[in-house]
Amino acid sequence: MLVVAAIVVLSLVGAGGFAVAGGAAALLPERPEGCNQPDRTVTLYAVELPRDGNQIRLGYGLTPQTASYPGPTMEMIEGECLAVTLHNQVPAATLEQLRTDPTHPLGVSLHVHGVKYTQLSDGTAQSFSYVPPGQSRTYTWYAKKRDRTAGTPGTAGYWWYHDHVVGGPHGTKGIGSGLFGGLVVRRVGDPKPDRTYMSVFGDQQSINLRRGAAADTCDPVNPVPGPTCIVAKKGERVEFIVVGIGNDMHTFHIHGHSWADTRTGVLTGTNAETDQVQTIDNKTVGPGDSFGVQIIAGDSVGPGHWMIHCHMQFHSDAGMYTTMHVLDENGNMPPGGGHEHSATSSGAAPAGSGAGVHQHK
């Protein structure tokens, strides 16, 4: 009877109802304080994508057909409550291949940084807040407002979400396979970008799990914005969400452009306040770190092919670079960009395993 009772309690936890605390079942809140009801709902899918060589690739998507790595960028306004329902369509056999401990549960999850959530939305195995294969679960995120009276900073910023279950209790295999995406929490009055891109700097000198030629696949005639095609017209406001994953330190550097070292990369406030803000074009990002910047594409420098890379030299030499293509005002790709640089073609390849040639024409 004790065994049956334990199974019932664990089942309730997995369904999002109860958790074991102090040896007894205790009711946990479904939503964080301040979130009475979700203001919006989002449906997200976790799916298996085509392999990168012999590397398993997974991705999040608003539909199964549009899943990618990084996954879709989520946006919230401070004070908003968001309910995200995650459907796990990753085959159990694939999750089994990624599992490092045969006793670890099979599933995927959503763990988010920066915003507020209860234990039922933590997205971990220990809280039983994951999604077994073929099932779904709703996670609730609350973008708490800044409270000057209480001295709390709020949640406005550039964050990310990721799996915390695939492979083991820390989701290392899930993140390494592609289960991550960006979250922007805006404050009322924040400048709105024309385009947002996510740059995830990780192990094996990769950007978004890709290196060299694979990190920049923009078609020179018809460039389509996406994880491997950073493109904007001159004068457009471009936003980057920069995240560090894995085990290495990196730097994020853009040629020809700079930004204010503030929450958004934009200057606001009085002259006395802004005089204290440093202008930078290179910023360090470590594992789990995230920040965001906004720049005006081609500001004072015009259209061009502007490199983005890690300034740890052996990282960029090994392929940790891509390009921001700034088109002219009519949307035409500028000439030039015929630089050649050696790089591996796949983010999955180990460093030093070979070289290819990537040339913009």
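Residues are numbered from 1 along each chain as its sequence is written, and side-chain values use heavy atoms, with hydrogens and water left out. Because the model is predicted, local features are reported at pLDDT of at least 70 and side-chain atom pairs count only at pLDDT 80 or more, whereas totals for chains, interfaces and linings use all residues.

The structure contains 2 disulfides, a disulfide being a pair of cysteine sulfur atoms within 2.5 Å. When the bonded cysteines are counted along the chain, the pattern of pairing is 1-2, 3-4. One of the disulfides joins Cys35 to Cys81, with 1.8 Å between the sulfur atoms. The torsion about this S-S bond is about -70°, and the disulfide of Cys35 and Cys81 is therefore left-handed. Distant parts of the chain are linked by this pair, since Cys35 sits in the loop between β2 (24-27) and β3 (40-52) while Cys81 belongs to strand β6 (residues 81-88), 46 residues apart. Strands here are DSSP runs of E with at least two residues, helices are runs of H or I with at least four residues, and both are numbered from the N terminus. Cys35 counts as buried because its relative accessibility is 5%, and Cys81 counts as buried because its value is 1%; the term buried stands for under 20% relative accessible area, exposed for over 50% and partly exposed for what lies in between, with a 1.4 Å probe and protein chains only.

Cys218 and Cys229 form another disulfide, in which the sulfur atoms are 1.8 Å apart. Here the torsion about the S-S bond is about 95°, so the disulfide of Cys218 and Cys229 is right-handed. Cys218 and Cys229 each lie in the loop between β12 (206-207) and β13 (230-233), so the pair ties together parts that are 11 residues apart in sequence. Both Cys218 and Cys229 are buried. A further cysteine, Cys310, counts as buried because its relative accessibility is 0%.

Turning to the sheets, strands of a sheet pair through backbone hydrogen bonds, either parallel or antiparallel. Two strands are taken to pair if DSSP finds at least two bridges between them. An open sheet of 4 strands runs in the order β4-β3-β6-β8 and has mixed pairing. Its edge strands, β4 (55-61) and β8 (136-142), each pair on one side only, and the twist averages 25° from one strand to the next. Such angles run from 0 to 180 degrees between N-to-C directions, with axes given by lines fitted to C-alpha atoms, for helices over the stretch in contact. Within this sheet, β6 and β8 are joined in the antiparallel sense over 7 bridges, and Leu86 has Arg137 in β8 as its bridge partner.

An open sheet is also formed by 4 strands in the order β5-β10-β9-β7, again with mixed pairing. β5 (71-77) and β7 (111-112) stand at the edges with a single partner strand each, so one side of each is left without a neighbour in the sheet. The pairing of β7 with strand β9 (residues 157-162) is antiparallel and extends over 2 bridges, with Val112 standing opposite Tyr161 in β9.

Val242 is located in strand β14 (residues 237-244) and is buried, because its relative accessible area is 0%. Although Val242 and Met198 are 44 residues apart in sequence, their C-alpha atoms are 6.0 Å apart in space. When residues up to four places away in sequence are not counted, Val242 touches Ser199, Phe252, Val285, Asp289, Ser290 and Phe291, contact meaning heavy atoms within 4.5 Å.

Pockets and cavities were located on a 1 Å grid over the protein atoms alone: a cavity is a set of points where a 1.4 Å probe fits but cannot get out, a pocket is an open set with protein on both sides within 12 Å along at least five of seven lines, and lining residues have an atom within 4 Å of a point. Grid points are joined across faces, edges and corners, and a volume is the space filled by probe spheres set on the points. The largest pocket has a volume of about 560 Å³, and of its 26 lining residues the closest to the centre are Thr172, Ile175, Gly176, Ser177 and Asp203. Two or more lining residues come from each of β4, β9 and α3 (172-177), and α3 provides the largest share, 5 residues. The count of cavities of 30 Å³ or more is 2. The largest cavity holds about 50 Å³ of space, and its lining includes Met198, Ser199, Ile207 and Thr322.
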